Amino acid sequence: MANITIAFYPSQLYRGQIGSKRSIQVSCRSSNKWNVQEDLFKETSHLQTSYYNKIDGFNSTKFGLLVKDVKYALRTQINSTNNLDLVDALQRMGIEHHFQEEIQSILQEEYEQSACFYKYQNHHDISLCFRLLRQEGYHVSADVFKKFKNNDDGTFGLNLSQDVNGLIGLYEASQLGVEGEHILDEVANFSGDHLNACLANSDSCDEARIIKETLKYPYHKSLASCKAKSFTNNFKGINGWGRSTLQELANMDYSITKEIHQQELAQVSRWWKSLGLAEELKLLRDQPLKWYTWPMAVLQDPRMSQQRIELAKCISFVYVIDDIFDVYGTIEDLTLFTQAVNRWELSAMVDLPEYMRSTYKALYNTINSIGYNIYKIYGQNPTQNLRNTWGNLCNAFLKEAKWFAAGVVPSTNEYVKNGLVSSGVGTILVHMFYILGLGVNSNIHLEDISSMSSSGAMILRLWDDLGSAKDENQEGKDGSYIECYMKENKDASIELAREHVIKLIEDEWKKLNKEHLHLMSPSSRSFSKASLNSARMVPLMYSYDDKQSLPILQQYIKSMLYGDLSM
């Protein structure tokens with residue numbers, strides 16, 4: 001297993017984006033950066049080998065029998081609750097892509113029967129049904145939870161407070177609320193308070209572990225792949241069925257997916273090395289492992305190999321251009337670079353300083369190539385829209401660089417407006433939109449994703465600023481929302497400012513949930529889920545411990561690329 005170490009170096013510029021204000025370096029074996037030793041991975045000339053072809057070479061008879069057993073169970077379960085528990089287990093183990101037809105059939109039937117309102121009566125069943133339906137884009141009213149309120153005083157009944165599984169179900173369901181659903185706010189507060197009380201009085205180590213994980217990492221706001229190992233290893237089956245079947249299937253699927261990820265990472269690393277930018281510009285971050293971690297987490301369907309590779313290339317340039325603005329360019333040079341990116345002509349290179357030319361050429365060629373590949377596959381060439389996102393990103397970077405050079409602390413409104421662009425989230429989501437084939441013969445258009453992109457960008461920006469405030473105590477070394485907020489609110493303490501930011505993040509999640517419901521048509525389902533995953537990835541990238549390291553991210557990378565699901 002690779003030895004992974006993480007270290008941090010705070011930057012001094014306004015920044016809160018995918019290419020963040022910290023340079024995060026991970027060493028694999030002897031390397032001291034987020035780069036890749038190619039001998040870690042099998043050389044492959046057939047990366048495009050499909051996921052299912054890999055299954056054929058991995059004890060396919062056994063794999064196929066396990067899949068067949070689960071499909072049979074999904075189609076023949078007499079007890080509807082068991083079916084919902086099985087769907088939930090498949091999703092938590094990360095193997096639901098084998099059973100999409102069966103899962104959609106089950107959830108459609110539950111929705112048509114208004115099962116949340118009429119079929120189910122206890123809080124666990126109703127909460128599970130509500131959550132599964134909303135996760136898949138079904139508009140289910142939150143009023144269903146009003147049946148648990150005490151008619152006398154409007155609070156939730158005390159008899160509920162001793163049902164740990166019910167409380168967990170309620171807390172998980174409450175995470176899918178949208179703006180204005182006050183009943184779900186009440187559900188979240190009630191279940192959260194009582195789960196904390198149960199935790200303080202619990203005599204069971206397993207129960208205490210589950211409660212802690214639920215409160216800290218609710219399923220809807222966490223990466224399923226990050227929680228799959230714990231869930232799979234602790235899975236007890238459903239009324240005596242499924243434990244060995246699902247655990248074995250999940251472990252086999254994990255082994256195949258891990259190999260695919262390793263091969264994709266090797267290809268991204270070779271592409272990055274072929275550009276030669278790290279050799280030419282020694283201060284650039286040399287981090288293909290980190291860049292690939294984003295699409296690995298965001299596009300979790302194992303069959304999306306080429307999409308992950310293309311997205312990793314886009315993400316790499318957010319980091320690279322961030323470094324150009326952070327550690328290389330003067331304001332004059334950065335202005336020239338921004339103008340060149342907005343022109344998007346190869347001839348613009350002649351106006352650039354020598355050290356910027358190779359980066360500009362690599363960006364120009366890579367994005368044009370991605371646009372052409374999309375054209376070959378889907379019949380539309382989105383290069384104009386792709387290039388516009390890079391011009392907008394550089395415009396935002398330049399504005400922040402000028403703020404810093406002039407010692408300006410902008411208003412919170414100015415900071416947010418510019419920061420939503422400089423986060424890089426909008427740039428990446430536009431590329432992902434086209435890489436996934438949207439905009440061609442579908443009801444979704446680029447403008448339809450603007451709200452989801454904005455909320456995702458806000459979540460990333462604010463999470464990054466929370467980490468900055470905690471680690472650096474906001475001594476004015478870099479710009480952040482918290483610094484801007486405290487300038488406008490002279491009496492606010494840093495603790496109060498942080499509470500304000502946490503509330504803003506919660507509000508953005510409600511906006512994301514609303515957009516998810518709007519975008520969950522069959523043609524846009526993959527994009528909507530990937531956008532949610534990008535928001536779920538953010539805490540892994542910005543949850544620093546007291547040593548300024550990222551243990552959750554470190555463990556995630558080990559698990560996905562080097563680990564064993566049953567470890």
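1. In which handedness of crossing, left-handed or right-handed, does H5 pass H6? In this predicted model, H5 passes H6 in a left-handed crossing, and the contact draws on His123, His124, Ser127, Phe130 and Arg131 of H5 together with Asn165, Gly166, Gly169, Leu170, Glu172 and Ala173 of H6.

2. A second pair is formed by helix H13 (residues 305–328) and helix H16 (residues 383–406), which pack at an angle of about 30° with their axes 11 Å apart. H13 and H16 are therefore roughly parallel to each other, and their crossing is right-handed.

3. On the H13 side of this second contact stand Cys314, Phe317, Val318, Ile321, Asp322 and Phe325, and these meet Trp390, Leu393, Cys394, Phe397 and Leu398 in H16. The residues of the contact divide into ten nonpolar, no polar and one charged.

4. Turning to the chain as a whole, the secondary structure amounts to 23 helices and two strands, and 58% of the 567 residues count as buried. Of the contacts between residues at least 6 apart in sequence, 71% join residues at least 24 apart.

5. The protein chain exposes about 23,600 Å², of which carbon and sulfur atoms supply 48%.

Conventions:
Residues numbered from 1 in each chain as written. Predicted model: local features only at pLDDT ≥ 70, side-chain atom pairs only at ≥ 80, totals over all residues. Heavy atoms only, no water. Left-handed = near helix turned anticlockwise from the far one by under 90°. Helix = DSSP H or I, 4+ residues; strand = E, 2+ residues; numbered from the N terminus. Contact = heavy atoms within 4.5 Å. Buried < 20%, exposed > 50% of the residue type's maximum accessible area, 1.4 Å probe, protein only. Areas by Shrake-Rupley, 256 points an atom, 1.4 Å probe, with all protein chains shown as cover. Axes fitted to C-alpha atoms, helices over the stretch in contact; angles between N-to-C directions. Parallel < 35°, antiparallel > 145°, perpendicular 65-115°, else oblique. Nonpolar A, V, L, I, M, F, W, Y, C, P; charged D, E, K, R; others polar.
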